[in-house]
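Hi,

Here is the structure I promised to pass on. Have a look at it first, then read my notes below with the viewer open.

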Amino acid sequence: MTITDLYDYCLNKPGVTEHFPFDEDTLVFKVGGKMFALSSLSEWEKGNATINLKCDPDRAEELRAEYEGIKPGYHMSKVHWNTVTVNSDVPAKLLRELITHSYELVFNSLTKKLKSEISGT
């Protein structure tokens, strides 16, 4: 996965916006004003690409045990966030699934009104 792949994959989800709320380096993807993915652009350029993703706590533990490239979230809640190393032992298909899982966790936590506005229903 490249940074362009990440960008396209995230922005193709309904209601997703991109932000740089912390600094000019940390790209944050949000849905309904809440973060679901963030990554350092300078680390991608250095070849150390990682993405912080929200995750169900039980699944997060299982994934950390199974994959070397999945660690507790860096600078995030270690219970609800994972840091996933891109192009590691984590298959690209699983990485996309984890991005979608993070998006869905955040989307499902939104108010009914906001979910309706985003989904167009």
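Let's start with asparagine 87, which sits in the loop between β6 and α4. Keep in mind that this is a predicted model. Most residues other than glycine have a negative phi. Asparagine 87 is not a glycine, yet its phi is positive, at about 60°. Is asparagine 87 buried or exposed? Its relative accessible area is 60%, and the cut-off for exposed is over 50%, so asparagine 87 counts as exposed.

You'll find histidine 75 in the loop between β5 (70-72) and β6 (81-85). Histidine 75 has a positive phi of about 60° too, although it is not a glycine. With a relative accessible area of 65%, histidine 75 is exposed.

Now for the inside. The largest nonpolar core has 30 residues, and the ones that touch the most other members are Phe36, Ile51, Leu95 and Ile99. Which elements give two or more residues to this core? They are the helices α1 (3-11), α3 (57-66) and α4 (92-108), along with the strands β2 (26-31), β3 (34-40) and β4 (50-54). The largest share comes from α4, with seven residues.

Isoleucine 51 belongs to strand β4, and its relative accessibility is 0%, so it counts as buried. Leaving out residues up to four places away in sequence, isoleucine 51 touches quite a list: Met1, Leu6, Ala37, Leu38, Ser39, Trp44, Asn82, Thr83, Val84, Val86, Leu95 and Ile99. Leucine 6 is one of those contacts. Isoleucine 51 and leucine 6 are 45 residues apart in sequence, but from C-alpha to C-alpha the gap in space is 9.2 Å.

Next, the helices. Two packed helices are described by the angle between their axes and the distance between the axes. Take α1 and α4 to begin with. Their axes come within 11 Å and cross at roughly 40°. That angle makes α1 oblique to α4. The crossing of α1 and α4 is right-handed. Which residues meet there? On the α1 side they are Leu6, Tyr9 and Cys10, and on the α4 side Arg96, Ile99 and Thr100. Sorted by class, this contact has four nonpolar residues, one polar and one charged.

Then there is α4 with helix α5 (residues 112-119). These two pack at an angle of about 130°, and their axes are 9 Å apart. So α4 and α5 are oblique to each other. Here Tyr103, Phe107 and Asn108 in α4 meet Lys115, Ile118 and Ser119 in α5. By class, the contact of α4 with α5 has three nonpolar, two polar and one charged residues.

Threonine 26 is in strand β2. Threonine 26 has a relative accessible area of 14%, and because the cut-off for buried is under 20%, threonine 26 is buried. Not counting residues up to four places away in sequence, threonine 26 touches His19, Phe20, Pro21, Leu38 and Ser39.

Glutamate 18 is in strand β1 (residues 16-19). Its relative accessibility is 33%, so glutamate 18 counts as partly exposed. With the residues up to four places away in sequence set aside, glutamate 18 touches Tyr7, Leu11, Leu27, Val28 and Phe29. Glutamate 18 and serine 119 are 101 residues apart in sequence and 18 Å apart in space, C-alpha to C-alpha.

Cheers

How values were computed:
Residues numbered from 1 in each chain as written. Predicted model: local features only at pLDDT ≥ 70, side-chain atom pairs only at ≥ 80, totals over all residues. Heavy atoms only, no water. Core = buried A, V, L, I, M, F, W, Y, C linked by side-chain atoms within 4.5 Å. Buried < 20%, exposed > 50% of the residue type's maximum accessible area, 1.4 Å probe, protein only. Helix = DSSP H or I, 4+ residues; strand = E, 2+ residues; numbered from the N terminus. Axes fitted to C-alpha atoms, helices over the stretch in contact; angles between N-to-C directions. Parallel < 35°, antiparallel > 145°, perpendicular 65-115°, else oblique. Left-handed = near helix turned anticlockwise from the far one by under 90°. Contact = heavy atoms within 4.5 Å. Nonpolar A, V, L, I, M, F, W, Y, C, P; charged D, E, K, R; others polar.
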